[in-house]
Amino acid sequence: MASLLFCGPKLAACGLVLSIWGVIMLAMLGIFFTTHSAVLIEDVPFTEEDFKGEALQNIYKLYNQVGYNCFIAAVLYVGIGFLSFCQVRLNKRKEYLVH
Amino acid sequence: MSSLFRSEEMCLVQLFFQTESAHNCISELGHLGLVQFKDLNPGVAAFQRRFVKEVKKCEEMERILRYLEKEMVKSNIVIAATKEKEMVPCARDVLELESTFEKLEQELREINRNHAALRQNLIELMDIDSLLRMTEDFFEEAESLLTYSEPPSEDSVSMTVSSHITSRRNSNSSTSGALHLSFIAGVIKQERFPAFEKVLWRLFHGNFVLRHTEMQATEELQAVRGAVKKDVFIIFVQGDHVREKIRKVCEGFRASLYSCPKTLYERKQMSNSVMTQMEDLRMILRRTEEYRAGVLTRAAEHVQEWGSKVKKMKAIYYTLNLCNIDITQKLIVAEIWCPVSDLTLVQSALIKGSEQSGSSVTPVLNRIQTQQTPPTFNRTNTFTEGFQAIIDAYGVGTYLEINPAPYTIVTFPFLFAVMFGDCGHGLVMTLFAVWVISQAESLRKWKNELTDVVIGGRYIILLMGMFSIYTGLIYNDCFSKSFNIFGSSWCVRPMFHAHGPWQNETLHEYHHLQLNPFVPGVYSGDPYVFGIDPVWNIASNKLSFLNSFKMKMSVILGVSHMLFGVALSLVNFVHFRKFQDIFLQFVPQLIFMLSLFGYLIFLILYKWCITLRSETAPSILLLFINMMLFDYQSEHVLLYRGQKGVQIFLVLTAVLMVPVLLLVKPFLIYRTRMKTRHQVFRNNLNDQHGTDTRSSYSQHQKDEMVSMGDIFVYQAIHTIEFCLGCISNTTSYLRLWALSLAHAELSEVLWRMVLQVGLKISSGMGSLMLVVLFAAFAVLTVTVLLIMEGLSAFLHALRLHWVEFQNKFYEGSGYKFTPLSFDSLLKTQQ
């Protein structure tokens with residue numbers, strides 16, 4: 001079980017904080033993308049092709065794609081957060097054992 | 001009444017108490033932490049004071065305690081923390097403590113000495129042991145050399161004698177028959193071995209055999225002696241006086257020589273005895289270490305308690321040195337500064353102290369009047385402490401001067417937030433501050449200077465974060481993106497055909513198009529409910545709009561801040577009853593500032609309120625410059641009717657205030673001096689009592705110590721500083737605009753260059769890239785935008801307070817009230 005610990009207490013705590021921030025921010029970004037917020041237009045990867053034909057639906061589809069990317073990244077951060085949390089707990093246990 | 005508005009009223013109090021109750025009384029006052037002892041023997045040097053021996057004793061005890069603590073840390077013994085308030089020992093207990101400490105120190109030093117000696121013995125025995133083991137091979141070899149005279153085989157032992165030397169010796173041995181070889185064995189440091197070999201070579205021209213091996217470093221050896229590498233060597237030589245020479249050479253190279261028995265049987269016996277000796281030594285060493293650990297553990301339980309006792313005693317003796325002891329040696333006189341509102345507390349503490357010491361006489365408090373300036377004391381709690389500290393860092397306020405701290409609690413975080421203005425970053429900062437506040441006690445244990453600064457300013461950071469969220473909502477900026485909560489007031493669709501000039505083809509022809517607010521429907525007529533309209537976030541001329549807005553806002557905030565500072569000077573004048581100064585300084589300053597910069601604010605606000613076409617609108621800066629230069633040419637557009645007259649009047653008023661500031665006050669001082677001098681002369685002529693008038697005349701001359709020239713110069717400097725300072729200080733407030741622009745742009749660059757790259761990848765790998773890029777974005781946000789920009793905005797907001805705001809009213813020439821307080825003593829020295 002000792003080999004499961006691969007980072008020190010500070011790195012694990014940083015990872016935990018980063019994951020919490022990542023989950024919240026990426027989830028909110030995902031929501032804003034799937035509701036087609038106009039302010040985020042610069043972040044949508046559209047090209048000239050998308051403006052031919054059903055322009056509005058094309059752009060909405062791209063918005064949704066980016067939104068789903070954000071949600072998947074948020075889920076990945078949930079995983080990283082869980083990993084960091086385990087590392088934090090293992091580090092605390094190791095500290096108690098030494099003393 | 002204690003409040004943060006003004007520093008507390010202090011009084012000088014004389015204390016009389018008995019010598020026996022001195023310790024207890026002073027310790028009670030120390031626990032109270034409200035009195036500052038004045039030095040009644042200022043001319044006496046430190047080593048001439050009465051209690052200097054006792055102070056030295058305390059310092060000696062502190063030294064012993066430090067030594068003990070170091071030893072405990074070396075042996076990894078935990079020092080228990082004590083929390084109860086210990087009673088300060090009286091003089092008898094001091095002696096007892098002192099003897100305990102000395103005994104402990106002696107014991108510990110002896111243990112350490114013995115330990116070192118034992119260890120040295122162990123090292124020697126280990127050397128002998130490995131020597132015996134290694135030289136087995138050499139002896140066998142030597143015997144084979146004697147009997148067989150063939151060249152020695154090359155094995156793991158390194159050859160240091162070249163082959164032709166061997167052959168020479170072999171030839172020697174073959175001619176002279178049986179040889180008697182004696183040997184010298186020893187241990188030398190590996191790095192010295194080559195030099196050693198060379199010297200031997202030069203001395204004896206190869207008439208010797210030298211064998212050496214590196215000593216195997218076992219773990220135990222390494223633990224005992226460290227990582228020094230040593231070699232075992234053995235020299236075989238002929239003749240005895242050669243031995244003496246070699247012995248001297250070995251001494252020179254600091255090789256330790258050991259006598260080695262000649263026969264195998266003796267060597268085995270010696271090896272066995274060395275083994276048993278080593279076992280014994282190891283056991284003794286272990287016992288010594290256990291004993292030492294026991295002594296230290298027993299001491300560790302009390303060491304903190306002792307430490308705080310010693311510190312308190314030292315503080316008490318130091319304080320006693322400041323007091324006067326009267327002739328009968330029974331009474332101690334002390335003078336203390338103390339807040340008027342706390343006199344009863346001080347009295348009850350003294351009574352408690354004298355009761356504890358069992359003396360019958362209660363101490364006497366005698367309040368005396370004095371001309372000396374008392375120290376400045378501002379009563380703060382944990383929240384206001386930080387803000388008071390940043391005011392005091394510039395200068396402690398003069399006694400009874402108005403304290404800028406309560407206003408700083410609001411204006412400082414606000415000015416910071418104007419420069420920081422991002423609600424996402426503000427939220428992160430607020431959460432960080434909340435965490436530091438909740439963990440303040442455990443973070444203090446880190447004892448790092450940087451963390452101490454952060455912990456001291458935790459409430460400041462909290463307020464800065466909360467205000468930043470507010471200004472972030474006003475700038476509508478959250479990690480460089482805007483929120484559209486209330487619906488934008490601008491609409492693009494009416495620009496197209498039927499209402500407006502655009503067609504579908506217009507979109508293909510032009511890269512940039514401008515929304516025209518005069519086309520009906522494009523601008524709804526009502527501005528966005530709260531803050532900047534979110535449409536500006538995606539407009540390409542965002543910066544021209546925001547720059548103009550932020551610059552004007554900075555000027556408005558700056559002039560208001562400075563006017564507030566000038567108004568505070570009025571409060572000071574009223575308190576100190578300098579009514580003359582109100583009319584000669586406050587009123588002209590206010591008029592000067594209002595007529596020039598107040599009018600500037602009026603122009604800004606007026607221009608914002610009326611409707612203008614942007615092509616023909618006059619620039620406020622040009623209007624202001626022309627106003628000062630009296631430049632009114634007919635083609636210049638003015639904002640309202642009658643502007644020319646109003647402006648000429650205002651400029652003339654301002655210019656008129658300058659000689660008022662410059663000349664009137666010195667002139668009045670000159671006139672009063674002339675009058676008193678005539679008065680004194682007349683008294684001198686009329687009266688016949690020469691001595692009285694001469695003394696009163698010299699008194700007046702003493703009052704006139706500052707000459708008239710100095711007064712004029714001082715007033716001129718003050719006037720120029722104020723008038724020119726008005727302009728430069730107003731411009732200085734433009735840093736509010738500059739820093740908020742820098743922050744917004746940095747934030748946008750970070751989003752665009754880091755996070756947007758991940759968002760724009762539309763394939764499946766997009767989420768993985770997003771994970772990595774988000775981590776980079778977060779780290780860069782924290783380091784660059786929060787820490788770097790935060791420090792920068794903090795510094796600039798601080799400068800605006802210290803220079804532009806406080807030079808309108810703050811003198812800051814007082815000295816801080818430093819009471820005798822055991823709590824702060826123990827906290828700072830921990």
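Between chain B and chain A the count is one salt bridge (a side-chain nitrogen of Lys or Arg within 4 Å of a carboxyl oxygen of Asp or Glu). It joins the side chains of Lys481(B) and Asp43(A), at 3.6 Å from N to O. This is a predicted model, in which local features need pLDDT of at least 70 and side-chain atom pairs count only at pLDDT 80 or more, while totals for chains, interfaces and linings use all residues. Residues are numbered from 1 along each chain as its sequence is written, chains are lettered from A and ligands numbered from 1 in the order in which they are written, and side-chain values use heavy atoms, with hydrogens and water left out.

As for the rest of the contact (heavy atoms within 4.5 Å), chain B puts in 26 residues and chain A 25. The buried area comes to about 2200 Å², with carbon and sulfur atoms giving 76%; this is the accessible area (1.4 Å probe) that two parts lose on being put together, summed over both. On the chain B side, Leu759(B), Val771(B) and Phe774(B) lose the most area to chain A, together 27% of what that side buries.

A cavity here is a set of points on a 1 Å grid over the protein atoms alone where a 1.4 Å probe fits but cannot get out, and lining residues have an atom within 4 Å of a point; the volume is the space filled by probe spheres set on the points, with grid points joined across faces, edges and corners. Of its 19 lining residues, Tyr475(B), Asp477(B), Lys542(B), Leu546(B) and Ala744(B) are the closest to the centre.

Key:
1 Å grid on protein atoms, 1.4 Å probe; cavity = no way out; pocket = protein on both sides within 12 Å on 5 of 7 lines; lining within 4 Å.
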